[in-house]
Amino acid sequence: MISFSLSTTWTPAADDAPLGYGIELTNTGSEPVSGFKLGFSGPARIDPHATLENGRLLVRLSNHTLIAPPEGYVLAPGETWIATARGLSYGLRHWSDGANSGYVELSDGTVVPAATTPTRGKGHNSPLLKGAVRFPVPAKAPVPVSIIPWPRSVATTGARIAPPGFNLLPEGELAERAAAAFSTLVADLFPVEAIVRPASEAGMPVAIRAKAGLAEEAYEIAFSENGASVSATTRQGMFYGLVTLGQILRGARQYPQTFVFPTGGTIADAPGFAYRGCHLDVARQFYTGAEVSRLLKLLAWKKLNKFHWHLSEDEAWRLEIDAYPQLTEIGAWRGHGKALPPLLGSGPQPTGGYYSKQVVRDIVALADSLAITVIPEIDMPGHFYAALQSLPELRDPDEKGEYQSVQGFPNNSLNPAHEPVYRFVETIVDEVLEMFPAGIFHVGADEVPLAAWSGSPLALDLIEKLAGPQMRKKHEGQFNQLGNHHGADEIEGSPTAILQAHFIRRVHDYITAKGAITGGWEEAAHGDAVEKDKSFVIGWRNVEINAALAERGFNIVVSPGQRYYLDMANSLAWAEPGAGWAGWSGPQETYEFEARAGFSAAGLEHLMGVQACIWSESMTDRAIFDRLVFPRLSAIAEAGWTLPERKSWPRFQALAGLMPIMYGNWAVE
């Protein structure tokens with residue numbers, strides 16, 4: 001029998017020792033092995049120029065690494081081969097940063113998966129944390145009713161034993177659609193609670209009525225001794241009123257000593273921001289259509305109304321495109337021997353998936369019923385490695401040399417000077433807009449490497465045409481300019497930034513001609529590449545950039561990595577999973593962040609709202625997803641809906657434990 005186990009260790013740099021990333025492969029089988037190679041992946045990235053002690057670095061593509069022992073080495077049964085990497089381009093801050101999948105390629109080409117354990121950090125012996133933190137519901141809460149996000153006005157009176165459920169009585173088509181969506185939602189989220197039930201099963205009557213003159217998503221609830229009514233001008237408002245009623249019922253039914261169900265008074269409510277979003281990266285880790293649908297239902301329960309679907313990345317392409325089947329035949333799958341190797345713990349076996357057009361249409365229809373707009377993102381021109389591996393004809397055939405992205409992918413950007421690229425992009429835009437009727441196309445536009453296209457004759461000719469021969473000379477042959485930059489956008493006026501702006505402007509013009517709005521990360525605004533009245537940008541670096549873009553007249557959605565990137569760990573502790581490049585943010589820090597801070601009155605006119613971003617590098621383990629996303633997603637939902645003067649951390653803390661989570665992984669108390 002041949003079998004292996006893989007463990008890794010992390011020793012940060014200190015005065016008495018250099019940093020060390022230890023790789024320990026144990027032969028747990030019964031036969032000695034030699035001439036083998038070890039492959040592994042996880043968020044950490046060994047630098048291509050790192051020194052590997054007691055081993056040879058064979059391949060490094062971003063976080064995929066293939067190493068081998070010294071020539072002639074034999075790994076006997078029960079023994080451990082230990083190699084140490086000195087030099088990482090993305091170091092470890094938390095236990096989930098290390099290798100979380102490994103395999104051994106034997107001398108005859110046979111591939112054997114290696115059982116992999118979490119990385120051990122020097123000096124860290126605390127239990128490793130997974131699962132969402134439970135916020136216990138107190139015996140006495142600051143408020144009598146349980147609602148997240150908290151409404152503008154709560155003037156309820158009285159208390160009764162919580163009704164068994166609601167008998168919905170919609171009046172008119174909009175009310176019927178809202179009632180149907182709510183009924184399906186609670187049946188899916190809480191299948192045994194029977195929140196919606198007929199009068200014959202003791203359902204309390206709830207009238208749902210149209211009322212003219214309320215804001216688009218506003219609603220009013222009136223309580224009486226024996227029933228309640230929901231009034232709104234729109235279907236969305238009616239739906240949100242029912243969600244509020246459902247939350248009140250669940251709190252009063254599950255914690256009758258803490259919360260009440262009112263017998264009188266009113267709730268009048270409307271959101272503070274029109275844009276209340278959640279982003280999901282499905283490229284680094286794949287989420288099935290069922291998982292995406294589950295997330296949409298959780299967003300609706302929090303009154304979030306935008307779903308930003310991040311469908312392409314260096315690591316994968318996830319959307320069916322009729323004109324280019326190679327994108328999903330090749331770009332949707334990772335594995336040993338494939339165009340995309342194992343990445344971020346995906347293992348040697350073929351791993352991945354994509355969304356067929358029918359699945360997309362089903363998800364878009366579900367989202368619409370839940371008052372959610374779906375915003376598709378095809379990230380370009382950077383972060384395009386998977387698609388370029390699938391369609392190499394999109395590269396300049398005469399390009400020489402290699403540049404690297406900050407994540408360690410070589411030559412990963414669509415070339416703005418290669419005309420076939422635009423035919424490709426226009427076809428993608430056409431097919432995507434047909435699937436997503438909201439009329440928004442998010443182009444990404446982030447993190448193009450500083451040295452992108454510096455070996456492309458076509459790009460060098462274009463930069464000379466756009467900015468003159470001196471700029472061409474400045475850019476030519478400037479490979480591997482990584483530095484500490486996320487991309488060329490950090491140095492406005494650089495050759496690559498000029499080329500990127502040229503590309504974005506041309507793509508934006510095409511999207512505009514199709515009658516659609518262009519979305520982008522904040523970099524899309526550089527060089528004024530997008531028209532301000534036909535676009536919006538999502539600010540992710542820091543709050544100062546958000547405010548500055550709004551001052552320039554760009555419509556802005558606030559999503560700072562320091563607070564609203566939900567892949568960031570909950571604390572600095574090694575035992576917490578998640579990333580740390582932007583810092584950390586616990587639930588309270590996330591809740592108390594105020595998006596409006598630092599904006600002038602003129603800037604606030606362009607502040608559309610807020611967005612949570614779920615980046616998936618560390619979420620191979622879905623228990624990590626639950627820990628990182630909840631309850632911080634609820635905190636951001638309240639920031640999007642509730643006015644600053646109505647927010648209260650003690651109240652939120654008392655109510656957060658009632659909110660459902662994605663996979664049901666709770667932290668062990």
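Contact here means heavy atoms within 4.5 Å. In this predicted model, Trp309 makes quite a list of such contacts once its neighbours within four places in sequence are set aside: Leu280, Val282, Val292, Tyr355, Val360, Ile363, Val374, Ile375, Pro376, Glu377 and Phe436. Trp309 also stands out, together with Phe239, in the largest nonpolar core, where these two touch the most other members out of 172 residues. As a rule, nonpolar side chains in soluble globular proteins tend to be buried together.

Turning to the strands, six of them form an open sheet with mixed pairing, in the order β13-β18-β16-β17-β15-β14. The edges are taken by β13 (153–157) and β14 (165–170); each has a single partner strand, so one side of each lacks a neighbour in the sheet. From one strand to the next, the twist averages 20 degrees. Within this sheet, β16 (residues 219–224) pairs with β18 (residues 264–269) in the antiparallel sense, over four bridges, and Glu220 sits opposite Ala268 in β18. Helix α1 (residues 173–189) lies across β14 and β15 (203–210), and runs at about 155 degrees to β14.

As for disulfides, searching the whole structure turns up zero.

Definitions and conventions:
Residues are numbered from 1 along each chain as its sequence is written. This is a predicted model: local features need pLDDT of at least 70, side-chain atom pairs count only at pLDDT 80 or more; totals for chains, interfaces and linings use all residues. Side-chain values use heavy atoms; hydrogens and water are left out. A disulfide is a pair of cysteine sulfur atoms within 2.5 Å. A nonpolar core is a set of buried Ala, Val, Leu, Ile, Met, Phe, Trp, Tyr and Cys residues joined through side-chain atoms within 4.5 Å. Buried means under 20% relative accessible area, exposed over 50%, partly exposed in between (1.4 Å probe, protein chains only). Two strands pair if DSSP finds at least two bridges between them. Helices (H or I, at least four residues) and strands (E, at least two) are DSSP runs, numbered from the N terminus. Axes are lines fitted to C-alpha atoms, for helices over the stretch in contact, and angles run from 0 to 180 degrees between N-to-C directions.
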